[in-house]
Amino acid sequence: MLQAFYSASVGAQQQMMGMNVHGNNIANVNTYGYKAEKPAFGVLMNSMVNGVDGVQLPKGSGAAVMSTATDFREAEITQTGRDQDYAILGPGFFALYDPSTQEISFTRDGSFTISSFQEAGEDGTMETVWYLGDGEGRQVLNTTGYPIVVTDPTAEQPVGTFLIQYQDGLQHLDSGRFLNGDKNGAVWIGTSEVRRGALETSNTDLATELGKVIERQRAYVYALRMVTTADEVENTINGLTN
């Protein structure tokens with residue numbers, strides 16, 4: 001009975017985690033460039049098992065969310081008419097450089113703005129330089145991999161696109177950004193067309209996500225019923241032995 005109790009309680013907890021993933025997708029249904037996530041469940045081992053390089057595999061009862069996969073399918077393009085909105089027609093990402101941390105992240109959200117930065121000039125005095133950015137302090141990289149310095153705010157900028165060798169396992173950050181690691185392989189400059197005055201919409205399918213939320217809610221209720229039943233059976237057995 002204890003095994004049933006633990007399996008049901010773990011199942012209820014993991015269904016809540018799954019609902020959080022689908023709820024986040026629904027919350028970002030109108031977020032430009034957002035890529036929906038899908039929870040992947042796996043069976044837990046009842047005993048400790050050593051994996052590669054001595055890493056121990058998850059132990060427990062029932063099933064758990066092992067990973068969250070990202071759906072990188074392209075979504076529809078909507079026209080905005082704004083000078084510094086860009087959409088990628090094809091595979092690839094925009095690259096964003098954070099001057100404060102030297103971090104480079106990737107996104108499909110091309111709703112860019114022009115931001116000012118204070119930099120030291122050749123004579124050592126501070127001067128204002130205008131860059132194309134994401135509005136959060138990060139700078140957009142151009143077709144050669146360098147931040148875009150803006151001299152004409154109404155002109156089309158040389159926004160670059162970048163391909164990542166292995167997209168599976170990209171770390172999902174805030175604002176629809178992704179961070180690549182060693183397992184994602186090489187990054188190189190892409191050749192996809194960039195359309196100005198347009199943005200890519202979210203690829204979240206609202207009907208699918210709502211259906212998944214209902215499915216998770218029902219599974220959560222059934223798991224709680226199993227917890228209650230296991231507890232009642234345990235109490236009955238304890239009563240018979242007394």
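Predicted model: local features only at pLDDT ≥ 70, side-chain atom pairs only at ≥ 80, totals over all residues.
1. The largest nonpolar core consists of eleven residues: Tyr 86, Ile 88, Phe 94, Leu 96, Phe 112, Leu 132, Val 140, Ile 148, Val 150, Val 159 and Val 194. Strands β4 (86–89) and β5 (94–98) each contribute at least two residues to this core. Apart from it lies another core, of nine residues, including Phe 72, Phe 93, Phe 106 and Phe 162.

2. Tyr 86, a member of the largest core, belongs to strand β4. Its relative accessible area is 0%, and Tyr 86 is therefore buried. The C-alpha atoms of Tyr 86 and Val 159 are 8.1 Å from each other, although 73 residues separate the two along the chain. The side chain of Tyr 86 also reaches the backbone nitrogen of Gln 157, at 3.0 Å.

3. Ile 88 is another member of the largest core. When neighbours within four places in sequence are set aside, Ile 88 is in contact with Ile 77, Phe 93, Phe 94, Arg 108, Thr 161, Ser 192 and Glu 193.

4. Strand β5 runs antiparallel to strand β6 (residues 103–107), and five bridges join the two. Within this pairing, Tyr 97 stands opposite Ile 104 of β6. The hairpin of β5 and β6 has four residues between its strands, and Gln 102 there takes a positive phi near 65 degrees. Strand β6 also pairs with β12 (residues 177–179), in the antiparallel sense and over two bridges; here Phe 106 stands opposite Phe 178 of β12.

5. The model contains ten salt bridges. In one of them, Asp 85 is joined to Arg 82, with the closest N and O atoms 2.7 Å apart. Asp 85 is buried, because its relative accessible area is 3%, whereas Arg 82, at 45%, counts as partly exposed.

6. Arg 196 and Asp 83 also meet in a salt bridge, at 3.7 Å from N to O. Arg 196 lies in strand β14 (residues 193–196) and Asp 83 in the loop between β3 (77–79) and β4, so the pair ties together parts that are 113 residues apart in sequence. Both partners are partly exposed: the relative accessible area is 29% for Arg 196 and 36% for Asp 83.

How values were computed. Residues numbered from 1 in each chain as written. Heavy atoms only, no water. Core = buried A, V, L, I, M, F, W, Y, C linked by side-chain atoms within 4.5 Å. Buried < 20%, exposed > 50% of the residue type's maximum accessible area, 1.4 Å probe, protein only. Contact = heavy atoms within 4.5 Å. Pairing = 2+ DSSP bridges. Polar contact = N/O pair within 3.5 Å; in protein donor to acceptor, adjacent residues only side chain to side chain. Salt bridge = Lys/Arg side-chain N within 4 Å of Asp/Glu carboxyl O.
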